[in-house]
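User: I have a structure open and would like to go through it piece by piece. Could you help me read it?
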Amino acid sequence: TTPCHGECLVPTNVFLGIPIPQDVTDEIAEIQSFLEQETRGQGVKWINPKLYHITLSYLGSINFYDIPVVSERIRWATETYDYPYIAFSEICIYRHPHDPRVVHLGIDQNESQGLMAFQDYLSNALMSGGFLTERTAPFVPHITLGRVRKEITTENSQLLAEAIKKINVEAITAFTAENIYVYESVYREYI
């Protein structure tokens with residue numbers, strides 16, 4: 001690493017994630033579009049499908065010059081451990097249907113057991129390389145579809161919950177991850 005005295009820190013949150021293949025993205029985007037139509041486009045800030053990913057590990061603000069080192073840790077981990085298989089379980093509302101905050105597509109943890117082990121292996125590889133990964137909560141793999149606005153009406157919350165019940169996520173194509181990306185999170189006020 002090169003000393004930077006603070007000016008080389010990446011100013012926003014950096015995290016590692018699995019990008020979603022285009023054919024799977026298209027399938028998920030159709031579901032998201034259905035949910036948006038069913039809720040009349042009200043109450044949820046839907047995520048651009050180009051941004052779909054599965055977060056594996058948060059690194060926070062890191063030194064710009066450490067990104068190649070992080071990439072090398074990813075390369076090492078993926079050369080010594082198989083990329084995980086990913087299948088989907090259900091559309092979930094984080095929190096409670098009466099107080100929703102995030103709409104996400106859950107990963108089937110029974111079908112995707114390799115994902116849980118891979119995430120743990122990758123996190124350990126990063127920690128052994130000197131990168132602390134935030135482990136403030138258990139790893140719950142998912143794809144965020146939308147962020148629920150604070151002003152969502154009770155009616156739209158109910159429409160969202162009813163629309164979710166109509167979706168068969170088993171129809172979404174399962175896949176084996178092929179890449180791990182370093183992402184930069186740019187915060188915007190959604191809620």
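Analyst: Let us start with helix H1, residues 22–38, whose 17 residues reach 24 Å from the first C-alpha to the last, close to the 24 Å expected at 1.5 Å a residue; the expected span is 1.5 Å times one less than the number of residues. Helices (H or I, at least four residues) and strands (E, at least two) are DSSP runs, numbered from the N terminus. This is a predicted model, in which local features need pLDDT of at least 70 and side-chain atom pairs count only at pLDDT 80 or more, while totals for chains, interfaces and linings use all residues. Residues are numbered from 1 along each chain as its sequence is written, and side-chain values use heavy atoms, with hydrogens and water left out.

User: Which residues of H1 are buried?

Analyst: They are Val24, Thr25, Ile28, Ile31, Gln32 and Leu35, where buried means under 20% relative accessible area, exposed over 50% and partly exposed in between (1.4 Å probe, protein chains only). These residues lie on the same side of H1, because they cover an arc of only 125° around the axis, the arc being that of the directions from the helix axis to the C-beta atoms. Gln22, Glu30 and Gln37 are exposed on the other side of H1.

User: And what covers the buried residues of H2?

Analyst: The cover includes strand E1 (13–19), strand E3 (53–60), helix H3 (113–128) and strand E9 (181–185), judged by contact, which means heavy atoms within 4.5 Å. The buried residues of H2 themselves are Val70, Ile74, Ala77 and Thr78. They sit on the same side of H2, because their arc around the axis is only 95°, whereas Pro68 and Glu79 are exposed on the other side.

User: Changing topic, where is Thr144, and is it buried or exposed?

Analyst: Thr144 is in strand E7, residues 142–148, and it is buried, because its relative accessible area is 17%.

User: What does the side chain of Thr144 make a polar contact with?

Analyst: The partner is the side chain of His142, at 3.4 Å; a polar contact is a pair of N or O atoms within 3.5 Å, where within protein one must be able to donate a hydrogen and the other to accept it, and residues adjacent in sequence count only if both atoms are side-chain atoms. Leaving aside neighbours within four places in sequence, Thr144 is in contact with Ile47, Tyr52, Val102, Val103 and His104.

User: How many helices and strands does the protein chain have?

Analyst: The protein chain has four helices and nine strands, and buried residues make up 43% of its 191 residues.
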